[in-house]
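Here's a quick briefing on one chain of a model. Have a look at the fold first, then read on.

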Amino acid sequence: MRNVMAVAGKELRAYFHSPIAYLVMTVYTAIGGFVFYSSTAFFALQSFRMEAQGGMGMPPLSLNEYVIRPILGGVLTVVLLFLIPLITMRLYAEEKRSGTIELLLTSPLTDMEIILGKFLGSMILFAILEALTFVYFAILFIYGNPNAKPLIANALGFLLYGGALMAMGMWISTFTKNQIIAGAVGLAAFLLLYLLDWVSAYSQTTAGQVMSYIALTTHFDNFSKGVIQLSDVVYYLSVVMLGIFLTARSVEALKGRP
Amino acid sequence: MIEVENLSKRYGPTLAVSGVSFNVQKGEVLGFLGPNGAGKTTTMRVITGFLPPTEGKVRVAGYDVVGEPLEAKRRTGYLPETPPVYPDMTVSEYLAFVGRIKGVSRRDLKTRLDGIIERCAVTDVRNRQIGKLSKGYRQRVGLAQALIHNPDVLVLDEPTAGLDPKQIIETRELIKGLGGQHTVILSTHILPEVSKTCQRVVVINAGLIVAVGTPDELTRRLQGFETVLVTVEGPAAEIMEKFQRVGGVNWVEPRDAHDGRVTLEVHSEKEKDVRAELARATVESGWKLYELKTSGLSLEEIFLKLTTKDLSEEATAKAEKAAN
């Protein structure tokens, strides 16, 4: 554990020593902020309209539906497709290019300690990102009365979704010395995984259903509705474990076959 | 301290190291000498556990590098050819990180860090970013990194490559000072370096060990015979055969061939001058003798001899090219 923490600390420091962490946080908060403003404004407008029509016995509009869901469940899941590759592309590619991989692999660390350390380090950065969105939600709680429980489900889903992308991105980063390639391949793979759900619109065959099931977004729907379903949690955790497993295999291959 | 037994390493179809065996005693500084591409780095990478061997066994401080990699790695310090530094970190941040992953306890880290920074003479840059340091300083940081956990075994891959002469002398002094407490293997393709820093030398070429011994021994062994260079016009194979039969000649090697002339190296027993006999043999056979001289081998020439590619092969290739 000590070793995992040492590697995680190193990764995290590397992000904050370089522009990456700040770039990612800026893009994330800028887009998140715009969506927050737009959806709050829209929510306010809709509420006024309802008021003007006398409510007509309808329940009041939900802040969760109108603001939190578009942010965490909508726009930011797409933003992550671009930002996570920026975070993961350097994980192995940079070590390979600068030769520091030799330091790590000749230190008394197991491959798994290195992988988990890297994953943890990047996940801490991601957790910081997600925490930044809670600034917006805090504003909602101060001026409105959103429901906390669906928010928790949403936040958990977002963390799992980010973790799944992170593990896959880390695996892709082991293939090359070139960070740009690692980033671009990551982005392409994530986009494809994201869009796989479209199959369900026209195909009801088994293959179509499987593809739709594999899609990253399918399993996010329940979370964004505020429902934590075991199958969804298991799906994301499986993707995380698959990514870590594939990274381990790839690092093994990196060392050359005996 | 380091036992390498019949080590082979294959990258796909190419055999980088084949059947290498040697031992390094505790406290010894061993030089690993060979031209670029000889298999030095590969051998070192296997010793440090970076690459698994294809065949053979490597033990560091009694621990098999494949069977008990963590124990072996804990006792090994490694400086690759390019120092494995993170340019974004400061020197002390970096060394603290390396100390932690090498298993230095938190309690000892501070004293180890101060000691190593002092010893490797990086005190005045300890709070500077490594990326902004000169090559010489970076190399010293690399050395400090290899030493931070006070390893039994130190593996240094070309520790003086790319340094200026003053830095080279300083680095050599530092390495010499390491012998005794640490067991050191260092690789180099520069011959004088070996005689200046090492107690024993392993010469490797094309993945094979060519010679082992102290620098003095190697010199003596190779100078244990006389070498005469002969340039003759005539059929190379016949000439070689004829010379081989001259009394006192040990062996004949081709060195160069062009324009129908061959230059041969004729090795003979010490203090036996075969020049007159060679001249006679040449003239008797009706070949033309162009040059005949003794060759005193300098250290550099011994090295060239030991480790350059098979000259006969090169000469034939050249002759073939000329013929086409």
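Predicted model: local features only at pLDDT ≥ 70, side-chain atom pairs only at ≥ 80, totals over all residues.

Residues are numbered from 1 along each chain as its sequence is written, while chains are lettered from A and ligands numbered from 1 in the order in which they are written.

**Overall make-up**

- Chain B has 12 helices and 14 strands, taken as DSSP runs numbered from the N terminus (helices are H or I, at least four residues; strands are E, at least two).
- Of the 324 residues in chain B, 41% are buried (20 or more other C-beta atoms within 10 Å of the residue's own, with C-beta atoms placed from the backbone).
- Take the contacts in chain B with a separation of 6 or more: 68% of them come from residues 24 or more positions apart (a contact means C-beta atoms, placed from the backbone, within 7 Å).

**The open sheet**

- Six strands of chain B make an open sheet in the order 6-7-8-3-9-10, and the pairing is mixed (two strands pair if DSSP finds at least two bridges between them).
- Strand 6 (76-79) and strand 10 (208-213) of chain B are the edges, each pairing on one side only.
- On average, neighbouring strands of this sheet are turned by 15° against each other, direction ignored.
- Strand 9 (residues 200-205) and strand 10 of chain B run antiparallel, paired over 5 bridges, and B:Val203 has B:Ala211 in strand 10 as its bridge partner.
- Those two, strand 9 and strand 10 of chain B, form a hairpin with 2 residues between them, and B:Ala206 in the turn has a positive phi of about 50°.

**Helices on the sheet**

- Helix 5 (residues 135-147) of chain B lies across strand 6 and strand 7 (153-157), running at about 165° to strand 6 (angles run from 0 to 180 degrees between N-to-C directions, with axes fitted to C-alpha atoms, for helices over the stretch in contact).
- Helix 6 (residues 165-178) of chain B packs on the sheet too, touching strand 3 (29-33), strand 7 and strand 8 (183-188), and its direction makes about 150° with that of strand 8.

**A helix pair**

- Helix 3 (residues 91-101) and helix 4 (residues 106-119) of chain B pack at about 125°, axes 10 Å apart.
- From helix 3 of chain B, B:Ser92, B:Leu95, B:Ala96 and B:Gly99 meet residues of helix 4 including B:Leu109 and B:Arg112.

How values were computed. Contact = placed C-beta atoms within 7 Å. Buried ≥ 20, exposed ≤ 12 C-beta atoms within 10 Å, placed from the backbone.
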